[in-house]
Amino acid sequence: MALSACTLTDVGPINTHVAEARRPSFEYIPDPSDDGSMVVGLAISGGGTRAAAFGYGVLRGLDEVVVDHHPMRRTAVDDIRMISGTSGGAVPAAYFGYKGRGYVDLRERFLLQNAEKELHSRISPLNLIRVYNGGANDRSTFADWLDRNVFDGNTYSAFKRKDAPIVWINASDIYNGTPFDFTHDTFAALCSDLEQVRIADAVAASAAFPVVFKPLVVSTTATAAKCNYERPKWLTRALADPAASLRLKAYGRALDTYQNDPKVEYIKLLDGGLTDNIGVTGFSMARAAAKAAHSPLSAEEAVRMRTFVFIVADASIRTDGDWVKTKSGPKLPDMVSAISNAGIRSSVRDEFDALKLAVEIWRGQLIAWRCGLPGETVRRYRGSLAGWNCSDVDLVVEDVSFDDFPEPERAKLNDIATRLKLPADQVDLLIAAGRESIRMNPRLQQAFGEVQRRAGAGPLSASRE
């Protein structure tokens, strides 16, 4: 009984209810302050600090791609208009959304720090009780550490800064078996205001690996007054359309659970990698909720854009071990690792293929919309009809991963553990790999080279420090 009393924990909930639901979601991604000819999206996978460091390296690699000098010096990082992250990848994604160009100090603020120092990790009777009760660590450990040391106590309202990209962080709703996206659509269904939610809580929910962490808790509306919530049109369409994707229907049913199921008072969130390890649900939901063929871009941006690049930074690792050389094995530890890696890598492949298909469908709809515009509308958005070609829009979807590297570099990357604390040499190895993955990808270099050619920016230059 004494030990049980010592395990009283802070599990939330991480949200509060409001009398009036904020209208669901954004209409369009905010237009950039440059010429808008390129739009970049970046998704950073799960994988602890390994994924965070690799994703940070990808950001640094994009910062080395100078795409224009007029009216200001611009790199590919300045063209990131949407960024998503899952689990460990949620840290750099959220930090970039929060700090913008100030993201470069993430190495010192997070990657080189010991985010495990306040975790309950030793084998002890007290920790075994914590595990039995849902997980060894609650909100008072990793979430509070992130809040103090990385996100400076900020809530989602900090993402509303000028020129900020859309940030998609996802966890997993383990009751409904669906991704839980931290979006205004989701929190409107909860009669809550997303902008009051701590960034650290969203990131911690996305990284809440089962058993190591207790689920983070979100309160539904079952015991709260309703808030004049109106179901989004996309949700009504998805639930009524027999041909709608199963993923979309499942997400819609989950939102209905938050509003209308009286027995569900709290939703429990765990690691986003359980349902979407590369964080593509945000883009899929944005397209599903689209009010126009050009969404999530504004009409003006969709006319000005000529190159769309979406990069998936995948830090998942291959299964390794000598047990494939013998008839017996693997033993339990290797078996658990192999099953986990197989599930993650399989889901990453499926999610990446789904993303490519979604972008390809969008390309056809976008071109049809552009080609149907009156000349006067095009002139108003572009300033001129000179050089206008409604079909001239290139949409590129590429993944960068450890598989891109030859041996022995790949083996060194593959051996790095999934933890929240890594040695400095491994952190720097991962950062260097992320940077190099951008330089060595021929399709990305071709796309960036075309943007540079149009802008007259010349060859690639070193990034700003």
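Student: Which residue of β12 does aspartate 314 stand opposite?

Tutor: Aspartate 314 stands opposite serine 401 in β12. A word on the source: this is a predicted model, in which local features need pLDDT of at least 70 and side-chain atom pairs count only at pLDDT 80 or more, while totals for chains, interfaces and linings use all residues. Residues are numbered from 1 along each chain as its sequence is written, and side-chain values use heavy atoms, with hydrogens and water left out.

Student: In which sense do β11 and β12 pair, and over how many bridges?

Tutor: Two strands pair if DSSP finds at least two bridges between them. Strands and helices themselves are DSSP runs, numbered from the N terminus: E with at least two residues for strands, H or I with at least four for helices. Here β11 (residues 307–314) and β12 pair in the parallel sense over eight bridges.

Student: How many residues of β12 are buried?

Tutor: Buried means under 20% relative accessible area, exposed means over 50%, and partly exposed is in between, using a 1.4 Å probe and protein chains only. Strand β12 (residues 394–401) has six of its eight residues buried.

Student: Which strands are joined to β1?

Tutor: Seven bridges join β1 to β11, and the two run parallel. In that pairing alanine 43 stands opposite valine 312. Five bridges join β1 to β4 (residues 80–86), again running parallel, with isoleucine 44 opposite glycine 85.

Student: Which way do the residues of β1 point?

Tutor: In a regular strand the side chains alternate between the two faces of the sheet. From β1, Met38, Val40, Leu42 and Ile44 point one way, while Val39, Gly41 and Ala43 point the other way. Seven of the seven residues of β1 (residues 38–44) are buried.

Student: Now the helices: at what angle do α2 and α16 cross?

Tutor: Two packed helices are described by the angle between their axes and the distance between the axes. Axes are lines fitted to C-alpha atoms, for helices over the stretch in contact, and angles run from 0 to 180 degrees between N-to-C directions. The axes of α2 (residues 48–63) and α16 (residues 424–439) cross at roughly 45° and come within 7 Å. That makes α2 oblique to α16; angles under 35 degrees count as roughly parallel, over 145 as roughly antiparallel, 65 to 115 as roughly perpendicular and the rest as oblique.

Student: Is aspartate 276 buried or exposed?

Tutor: Aspartate 276 counts as buried, because its relative accessibility is 0%. Aspartate 276 lies in the loop between β10 (266–270) and α11 (281–288). Not counting residues up to four places away in sequence, aspartate 276 touches Thr86, Asn170, Pro179, Arg247, Thr281 and Glu351.

Student: What about valine 18: buried or exposed?

Tutor: Valine 18 is buried, with a relative accessible area of 18%. Valine 18 is placed in the loop between α1 (2–5) and β1. Leaving aside neighbours within four places in sequence, valine 18 is in contact with Cys191, Ser192, Asp193, Gln196 and Cys227.

Definitions and conventions:
Contact = heavy atoms within 4.5 Å.
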